[in-house]
Each structure stands twice: as structure tokens, then as C-alpha cells.
Amino acid sequence: MNPSRTRIGDLQRIFKAGSSPLLNRIARLSILFEDLRIEIAGMLAPARSVPGIDTLGEEHRRLYFLRRSLISLWEMRKCLAAITGTEDFKNRKPLLPEKHQLAISDAHSFLSRNEQLIQRLRKEFGGHLDENVEDDVLRTLQSGSAGKIS
């Protein structure tokens, strides 16, 4: 794996003060990538290593970060589609090193190919709640169901 590089610069200049749809989407993808990195770290953190978050238990923390990571993946799929759909990207893609072209294509292809799975998992794990879903859930609760609020 190649080590990452950290670069520091004037974001207004780098992202052309929001005037480029391509750069705007790249900024969004950067934020989503960092969100996903944090979410994966939160899922994989050892028990009691994040005491302020584990008030309801390690399982709840892991499930929370799983839900959030599915949302991030969903948003990354939409963002990559937006990036690859811009004329600016289409014009610049041939100028990128081949390995970068391939990485972008692979990521876009993977997320697009798994769109339905990601959406199904989001719904299954409660990645988002449709309006009034709590009505159905509360009506179907088994007798003796317990919960905890801290």
C-alpha cells in the first residue's frame, strides 16, 4: 500500500471558490471519504476504547457506525456518478495516470454494481428511517422487549 501524503493549501484557491462543479464534487468526495474512515475506525475500535461513545454498549456503537458507513457509501456512489458525469472530468480523465483512471473506474463500478445491496442493507440496519416507520415498529414489538436510554 502506498503511503498517503498530506498537503496543506488555500482551499478557496484550490477549489476555485466553488466555481467548478468538478472541484465541488471532489471536495464533497473528500469529506465523505474522511467520514467513512472515521466510521470504519469506530466500528473496529476495541471494546471500551471510546468510553464516551459506548454508553449503550459496544454492539450499539458498532451498529451505529455500520449504519453511518452505509450512508457514506451511498452518498459516495452518487458523488462519483456526479464527478464522472461532468464534462470537465470527461475531458481531463485521459490526462490522469492510468492507475488513477483505473482506481476511479473501479470504485465507481463497484459502488454502482452494489447499489441495490447497499440500499437494502441501509434499510435493514436502519441507516435511515422512513417517515412514520416507528409506528410499525412499535406496533409489532414483542412482549418483554427491553431498551436502554442513557
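Leu 111 is in contact (heavy atoms within 4.5 Å) with Leu 73, Met 76, Arg 77, Leu 80 and Ile 118, leaving aside its neighbours within four places in sequence. The model is predicted: local features need pLDDT of at least 70, side-chain atom pairs count only at pLDDT 80 or more, and totals for chains, interfaces and linings use all residues. Residues are numbered from 1 along each chain as its sequence is written, and side-chain values use heavy atoms, with hydrogens and water left out.

Leu 111 also belongs to the largest nonpolar core, a core being a set of buried Ala, Val, Leu, Ile, Met, Phe, Trp, Tyr and Cys residues joined through side-chain atoms within 4.5 Å. Its twelve residues include Leu 22, Leu 29, Trp 74, Cys 79, Ile 83 and Phe 89. Helices H2 (21–44) and H3 (58–85) each supply at least two of its residues, and H3 gives the most, with five.

Ser 72 lies in helix H3. Ser 72 counts as buried because its relative accessible area is 2%; the cut-offs are under 20% for buried, over 50% for exposed and partly exposed in between, with a 1.4 Å probe and protein chains only. Beyond four places in sequence, Ser 72 is in contact with Leu 32, Asp 35, Leu 36 and Glu 39.

The chain as a whole has seven helices and zero strands, where helices (H or I, at least four residues) and strands (E, at least two) are DSSP runs numbered from the N terminus. Of its 150 residues, 21% are buried. Among contacts between residues at least 6 apart in sequence, 63% join residues at least 24 apart.
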